[in-house]
Amino acid sequence: MVGIGTSPGKIILMGEHAVVYGKPAIALPFFSVGIKSTAKVIQEESKIESQCYTGLLRLADNEIPGIKRLVEETLKYLNKNEEISLKIESNIPPQRGLGSSASVSVSVVKSLFDLFDVALTKEVLSKLVFVAENIHHHNPSGLDATTIIEEQVVLFEKGKELQYLNTNMNGYLIVADSGEFGHTKESVANVQKNMKVNPLKTKESIDQLGILSTNAINDIEEGDLVSLGSHMTQAHKHLQDIGVSNNTLDNLVKTALQKEALGAKLTGGGNGGCIIALSDNMVDAKNIADALLGEGAKHTWIYHLKEI
Ligand code: PMV
């Protein structure tokens with residue numbers, strides 16, 4: 001008996017950080033990358049094989065505490081005490097704002113439910129995944145896990161019902177990995193600090209980021225790539241202002257804009273991780289991707305938004 005669980009990555013299009021302060025954010029599933037978890041019942045003690053840790057599940061507390069708890073909680077929910085082996089294969093670079101940790105959790109839960117042939121609802125998946133997300137991030141907004149579970153373009157606002165956006169975007173998103181680890185927890189703490197030290201300016205930027213997300217809803221639904229690009233670039237400026245960008249990300253954003261991108265910004269927690277740029281044609285998208293690699297990006301993907 002083998003259980004398989006697969007899940008995509010995610011991209012925050014607009015609203016990162018502002019979402020922590022109750023503003024809307026828009027995120028997309030990113031199907032160019034993903035995770036596959038394979039679970040089996042075994043006779044010997046439970047074990048796990050992954051990029052971050054390979055060994056007995058019992059000893060995984062330091063390296064992957066969230067996944068360890070997640071497996072325990074999921075087996076408890078399923079009322080199973082079998083020993084299992086779990087193999088996690090991923091091509092989502094970790095800590096780059098592409099949803100690696102939430103995607104691992106989603107694929108693990110799916111694989112365990114599949115192993116024991118139990119139907120899994122989104123509500124149960126979501127509840128279980130948050131066990132791990134809370135350990136990884138301490139109080140995450142839930143945007144990552146929600147997007148990866150739903151596999152749709154979502155408009156997310158804390159405390160409000162999730163909305164799905166009908167996209168009509170015949171464009172290309174160029175995703176570039178700076179190769180630097182993002183530092184979401186530190187970035188979130190930094191914004192919190194700036195809220196205290198410089199409340200007026202920081203609040204103004206967060207408000208503007210919220211307004212830009214709201215404007216982007218219309219762009220997405222109307223397929224107005226020029227307007228969306230402009231809103232993305234404006235968002236990057238506010239993300240700089242709240243202190244979550246760095247020179248590497250700024251340089252990649254500048255490079256994309258010089259190569260005719262319709263807009264560009266960092267995505268995710270920032271201070272490392274990835275940037276995204278928008279183009280309405282493949283020729284420009286390839287030029288942008290090449291230029292970003294020339295400026296030191298470690299990897300680029302060209303994501304046709306029609307794929308979603
Ligand atoms: O770094 P990521 O992709 O997990 O994105 C974090 C997004 C933030 O808005 C900065 C934090 C959050 O919990 O939503």
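**Note on the predicted model: salt bridges, ligand shell and selected residues**

1. The side chains of Lys68 and Glu72 form a salt bridge, with an N to O distance of 3.0 Å. The model is a predicted one. Lys68 and Glu72 are about one helical turn from each other, because they sit four residues apart in helix α1. Lys68 is buried, at 10% relative accessibility. Glu72 is partly exposed, at 35%.

2. **A salt bridge between two helices.** Lys122 and Glu150 pair through their side chains, N to O 3.2 Å, in a salt bridge. Lys122 belongs to helix α3 (residues 122–137) and Glu150 to helix α4 (residues 143–150), so this pair ties together parts 28 residues apart in sequence. Lys122 is partly exposed, with a relative accessibility of 39%. Glu150 is buried, with a relative accessible area of 14%; the cut-off for buried is under 20%.

3. Glu45 lies in the loop between β2 (25–42) and β3 (47–49). Arg58 lies in the loop between β4 (54–56) and α1 (65–78). The two are 13 residues apart, and the pair links distant parts of the chain. Glu45 is partly exposed, at 30% relative accessible area.

4. **The salt-bridge total and a network.** How many salt bridges does the model have? The count is 13. Shared partners also join Lys23, Lys203 and Asp207 into one salt-bridge network.

5. **The ligand shell.** Around the ligand there are 13 residues. The closest are Lys10, His17, Ser141, Thr184 and Gly269. By class, the shell holds four nonpolar, six polar and three charged residues.

6. Lys10 places a polar side-chain atom 2.6 Å from an oxygen atom of the ligand. Asp144 has a side-chain N or O atom 3.1 Å from a ligand oxygen atom. Gly97 uses its backbone instead: an N or O atom there lies 3.4 Å from an oxygen atom of the ligand. How much of the ligand's accessible area does the protein cover? On its own the ligand has 380 Å² of accessible area, and the protein covers 91% of this.

7. His17 is among the residues closest to the ligand. His17 sits in the loop between β1 (2–14) and β2. Is His17 buried or exposed? His17 is buried, at 5% relative accessibility. The phi angle of His17 is near 70°, a positive value in a residue that is not glycine. Most residues other than glycine have a negative phi.

8. Asn79 is not a glycine, yet its phi is positive, at about 60°. Asn79 is in the loop between α1 and β5 (83–90). Asn79 is exposed, at 70% relative accessibility, whereas His17 is buried.

9. **Ser37 in strand β2.** Ser37 is located in strand β2. Its relative accessible area is 0%, so Ser37 is buried. Which side chain makes a polar contact with that of Ser37? The partner is Ser107, and the distance is 2.7 Å. Beyond its neighbours within four places in sequence, Ser37 touches Gly3, Ile4, Gly5, Lys87, Ile88, Val104, Ser107, Val108 and Ser111.

10. **Ser103 in helix α2.** Ser103 is part of helix α2 (residues 100–115). Ser103 is buried, with a relative accessible area of 0%. With neighbours within four places in sequence set aside, the contacts of Ser103 are Ser7, Pro8, Gly9, Ile35, Ile92 and Ile148. Ser103 and Thr6 are 97 residues apart in sequence. In space, their C-alpha atoms are 8.4 Å apart.

Note on methods. Residues numbered from 1 in each chain as written. Predicted model: local features only at pLDDT ≥ 70, side-chain atom pairs only at ≥ 80, totals over all residues. Heavy atoms only, no water. Salt bridge = Lys/Arg side-chain N within 4 Å of Asp/Glu carboxyl O. Buried < 20%, exposed > 50% of the residue type's maximum accessible area, 1.4 Å probe, protein only. Polar contact = N/O pair within 3.5 Å; in protein donor to acceptor, adjacent residues only side chain to side chain. Contact = heavy atoms within 4.5 Å. Near = heavy atom within 4 Å. Areas by Shrake-Rupley, 256 points an atom, 1.4 Å probe, with all protein chains shown as cover. Nonpolar A, V, L, I, M, F, W, Y, C, P; charged D, E, K, R; others polar.
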